[in-house]
Amino acid sequence: MDYGYIINTLFVLFSMTLIILMVPGFAMLEAGIVRTKNVTSVLTVNVMIYVIASLAFILIGYDFAFGNTQITTLSPLAFVMFQMAFVGKAINIMSGGVGERAKIFPLTLFTFIMGALIYPFMVNISWGSDILKDTLFDLNMHDLAGSTVIHSTGGWALLAAILIIGSRKGRYVNNQIKVIPASNIPLVTLGALLLWIGWFGFNGGSVGNIASKEAADTVALTIFNTNTAGLAGALSAGIFIYVRYKLFDITMILNGALGGLVAITAGADILNTANSLIIGGIGGILVVIAVPLFDKVRIDDPVGALSVHLVNGIWGTIAVGIFANDAAITLLGQIKGVAVIGILVFSISYTIIYAINKFMPFRAEDDAQMEGLDESECGIESYPEFSRTI
Amino acid sequence: MDYGYIINTLFVLFSMTLIILMVPGFAMLEAGIVRTKNVTSVLTVNVMIYVIASLAFILIGYDFAFGNTQITTLSPLAFVMFQMAFVGKAINIMSGGVGERAKIFPLTLFTFIMGALIYPFMVNISWGSDILKDTLFDLNMHDLAGSTVIHSTGGWALLAAILIIGSRKGRYVNNQIKVIPASNIPLVTLGALLLWIGWFGFNGGSVGNIASKEAADTVALTIFNTNTAGLAGALSAGIFIYVRYKLFDITMILNGALGGLVAITAGADILNTANSLIIGGIGGILVVIAVPLFDKVRIDDPVGALSVHLVNGIWGTIAVGIFANDAAITLLGQIKGVAVIGILVFSISYTIIYAINKFMPFRAEDDAQMEGLDESECGIESYPEFSRTI
Amino acid sequence: MDYGYIINTLFVLFSMTLIILMVPGFAMLEAGIVRTKNVTSVLTVNVMIYVIASLAFILIGYDFAFGNTQITTLSPLAFVMFQMAFVGKAINIMSGGVGERAKIFPLTLFTFIMGALIYPFMVNISWGSDILKDTLFDLNMHDLAGSTVIHSTGGWALLAAILIIGSRKGRYVNNQIKVIPASNIPLVTLGALLLWIGWFGFNGGSVGNIASKEAADTVALTIFNTNTAGLAGALSAGIFIYVRYKLFDITMILNGALGGLVAITAGADILNTANSLIIGGIGGILVVIAVPLFDKVRIDDPVGALSVHLVNGIWGTIAVGIFANDAAITLLGQIKGVAVIGILVFSISYTIIYAINKFMPFRAEDDAQMEGLDESECGIESYPEFSRTI
């Protein structure tokens with residue numbers, strides 16, 4: 001009787017579909033945040049990342065990550081496609097943070113390398129065939145759906161990219177930080193909510209099995225904790241900002257939710273409701289605190305990706321070490337996981353981006369930035385019929 | 001063998017996901033209907049409602065509603081989260097109708113009380129542990145997914161709120177009704193269609209069980225009837241308007257669809273196709289008739305929530321008494337259900353909103369309304385780069 | 001034990017939901033492509049098509065298509081609703097291509113006839129009770145989810161409509177082709193991505209059965225191939241344009257993806273990854289080549305529907321004959337299928353559109369086209385508060 005095989009296949013295909021709903025999620029979020037003159041280019045990057053990273057992963061990366069792992073509890077192609085659905089996310093995190101000044105061509109080149117090699121390497125040593133087993137870098141980290149493997153990975157690559165590419169023209173001038181408001185708040189909201197919903201598949205599907213009473217309970221627990229941490233992150237970020245400014249800041253509330261969602265991603269399958277509230281709540285506050293700090297050190301990240309994904313990817317992974325009630329999980333093991341992935345991803349990404357940048361500069365010229373990348377990179381205005389105030 | 005437990009868990013998690021897709025659904029619908037100067041505040045309210053109502057429900061409301069009810073046919077946390085997905089809907093109905101003049105802070109306070117107490121109380125006496133059993137208010141109503149328990153509940157709370165908060169500044173002047181066009185028709189359409197799709201989970205998932213041939217047939221019947229009533233409501237509203245004005249009015253067509261969907265929500269599991277066509281078709285016409293009537297009596301409801309949710313919530317519940325072919329369901333029982341919930345929700349909501357309003361006024365000052373709530377409440381413009389005609 | 005019945009019902013309801021997500025998908029795609037003065041009317045047409053085609057199909061068309069076919073492997077109403085979800089797609093293809101000049105009323109009339117008769121007729125002879133069996137038109141074509149039955153059908157009806165209705169006023173003047181840029185790129189992107197995701201249900205659900213190990217593998221293969229062809233189509237279209245213009249053209253990248261998706265729809269269940277890459281890749285290039293060719297012969301198709309759906313519907317169906325490794329599938333059988341459906345749909349559609357056009361002209365008057373159909377057909381502006389540059 002193949003009952004488990006069948007229902008797991010359906011379950012993982014359902015989860016995969018939700019994750020791919022994060023493609024429009026990221027696209028709308030970023031299109032809403034950047035200025036209208038860069039909207040088309042940001043959308044193009046999002047679509048190209050899904051296309052190139054997915055192809056790189058199914059043709060090269062998957063084998064690198066999972067080697068000869070036998071998939072027997074569900075249809076192997078459902079598993080491949082579920083894993084494929086993740087890869088673009090890590091790269092989206094990176095591309096969002098260099099928005100409004102990074103050129104599309106070098107980004108797609110890096111996307112290919114990250115989808116074929118860098119991300120699969122991290123999956124390999126975390127969830128896959130583990131080529132660094134019994135080395136200094138051998139990992140013993142609990143990271144259900146990738147607080148570290150996906151979110152920090154994207155974040156470290158982004159940090160490397162920002163250090164090389166620099167900040168947007170005109171963002172930091174004469175010790176002043178120019179505030180750049182989001183151009184389309186409905187799109188920001190739509191995108192963030194699609195990401196939130198996609199996360200149910202992201203984390204829930206990562207349990208990988210629903211074919212027993214215990215497994216079904218774990219899936220339900222995982223999705224419940226995921227949502228709870230998102231709620232807590234939104235609330236804590238919202239309160240923090242309200243107390244300070246007496247205003248409701250929807251971009252911070254949504255980023256707080258995303259921060260909470262990132263933070264719970266490592267441990268949603270093994271924690272309880274109270275843990276999820278605390279982890280998510282702290283996640284939301286970390287976002288609100290981190291955003292101005294990065295600006296202070298002139299690290300220019302238009303979508304707050306470092307605050308949401310890197311900071312909370314680290315926090316969520318460490319939090320598992322603090323809250324998990326399982327002898328096999330240690331705080332040290334979690335910290336080591338964060339550090340190893342961080343060192344590997346940052347150093348590899350920095351090297352590759354540096355190398356690409358030598359013969360094909362990432363940074364758009366000042367003129368191109370001023371008139372917007374839509375003009376220079378795409379030749380297509382995002383909203384050609386609307387008069388603009390700027 | 002836990003087959004039923006497993007598949008029901010997957011089924012209810014799938015349904016829950018569809019319901020949560022109604023969060024962006026409501027948000028986009030309302031953001032598209034209101035004027036651009038109020039879009040950010042409306043979106044903020046929608047997100048805050050999801051956050052606060054959900055937390056209030058999982059931490060307080062669920063226990064109140066279901067007490068010690070043992071959930072054994074699926075994973076209990078999947079059931080909790082499915083129930084949680086409903087609570088924000090009732091409050092969204094209320095918040096939408098007071099849009100463009102209600103302040104966010106008092107709304108969030110009321111959201112907490114409604115999510116923790118008012119809505120769970122109605123669930124308790126309708127679907128839950130039934131604390132009013134054998135009292136005068138004992139209910140014997142068939143209301144599958146909440147034509148009354150959710151939609152009328154939201155509608156009665158809204159009516160109470162409008163009576164206290166009043167109409168938008170400038171809406172009714174010198175016996176004239178100022179027409180305020182929707183600011184973004186694509187968002188209205190997107191939102192309404194997401195709600196429509198979410199309804200498949202809303203009603204289908206409320207069957208609660210798919211683990212037998214009969215149960216699977218009931219789920220399919222429920223979703224089929226749901227969609228059919230939506231189709232009929234859209235068509236009847238569209239024809240009604242076309243006959244009268246020789247124009248196609250997409251906002252009325254969509255509201256007609258939503259009216260049909262609300263109306264079928266009480267009985268989608270036990271009615272047939274013809275019933276669904278009639279109930280939905282009348283639902284669409286009721287919306288078209290009710291919208292100007294509310295305006296006539298100076299009840300200002302920017303999104304037509306009373307017409308869609310209250311009027312059709314009542315109609316749909318009574319329609320079950322008319323059309324159902326089941327001795328246990330009586331017209332009187334249905335009417336009593338409508339009346340009891342109506343009296344309870346309206347009186348409790350009125351009292352609480354009145355009390356909150358005393359120390360924390362809901363109504364934004366005239367100046368704030370004129371410049372838009374985005375400025376005064378959020379400090380964030382919705383579309384800062386687009387030149388506006390008004 | 002009804003295990004197969006239950007899980008197939010859930011699987012098909014899930015797939016149906018994804019297909020209905022293509023309703024907002026098409027609506028947003030078209031609303032983003034047309035000029036702002038025609039956005040409301042395009043959205044209205046999309047909603048009306050879903051409403052009227054679905055009603056026509058469930059009340060008339062389904063019986064015509066499937067006759068007394070006994071559905072025993074899943075809940076019959078789930079099957080009906082899954083089939084219903086397809087009908088609007090074929091008509092959306094047609095309506096999109098006559099956008100910005102076709103009036104709504106005659107379009108809805110044709111929608112009714114196509115939903116009740118034309119489309120069900122094609123389903124009948126391809127997948128249904130087969131009334132032309134043993135005639136000259138007897139088909140022996142493998143067309144899993146409708147490269148021909150749905151996409152070419154919509155395309156042939158569109159071609160007939162364009163020949164009768166003509167091009168948009170001002171599109172071809174003095175041997176010049178006026179380029180009309182898309183008015184809202186985020187909506188185009190959102191719409192295309194929703195269509196892409198909906199395709200997983202479109203093709204995956206068309207397998208119709210997930211209740212055995214082999215069936216589950218086929219479903220996974222189908223969805224995997226579907227996505228892979230979409231990726232390949234996007235990439236090939238993107239490269240083609242980049243090589244030629246040194247620009248990234250997101251509308252062509254997205255249309256390339258859709259072209260690949262259309263092309264794989266006939267054979268996604270029986271082909272392999274390499275086939276999918278080739279078929280999808282060629283599909284993307286066909287779109288990029290076909291769009292200017294149709295313009296050259298003055299066939300005015302604002303959304304590129306002929307290039308995406310007709311050209312690739314034909315290509316994908318023939319490709320099955322080329323690549324499939326199955327003695328029962330022949331290149332000749334596939335070509336005959338394409339030809340028979342083409343002749344039937346084009347001739348019937350042409351006749352009916354011609355007849356309707358006699359007493360109720362499809363084409364909006366020049367004045368109405370100049371000021372936009374939103375004004376003349378709907379009386380509702382799409383973005384009334386935004387100043388327009390044109």
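User: Where is the kink in α6(C) centred?
Analyst: The kink, of about 25°, is centred on C:T153; the bend at a residue is the angle between axes fitted to the seven residues ending there and the seven starting there. This is a predicted model, in which local features need pLDDT of at least 70, side-chain atom pairs count only at pLDDT 80 or more, and totals for chains, interfaces and linings use all residues. Residues are numbered from 1 along each chain as its sequence is written, while chains are lettered from A and ligands numbered from 1 in the order in which they are written.

User: How many residues of α6(C) are buried?
Analyst: Of its 19 residues, 17 are buried, meaning that 20 or more other C-beta atoms, placed from the backbone, lie within 10 Å of a residue's own.

User: What follows α6(C)?
Analyst: C:G166 follows α6(C), with a positive phi near 85°.

User: Turning to chain A, where does α10(A) bend?
Analyst: α10(A) bends by about 25° at A:A290, and the proline A:P292 follows within four residues. After α10(A) comes A:R298, whose phi is positive, near 65°.

User: What rotation superposes chain C on chain A?
Analyst: A rotation of 120° with 0.0 Å of shift along its axis does so, at an RMSD of 0.0 Å, by least squares on the C-alpha atoms of residues with pLDDT of at least 70 in both copies. This is the relation of a three-fold axis.

User: Which residue of chain C comes closest to the rotation axis?
Analyst: C:S387 comes closest, its C-alpha lying at 3.2 Å.

Technical notes
Helix = DSSP H or I, 4+ residues; strand = E, 2+ residues; numbered from the N terminus. Buried ≥ 20, exposed ≤ 12 C-beta atoms within 10 Å, placed from the backbone.
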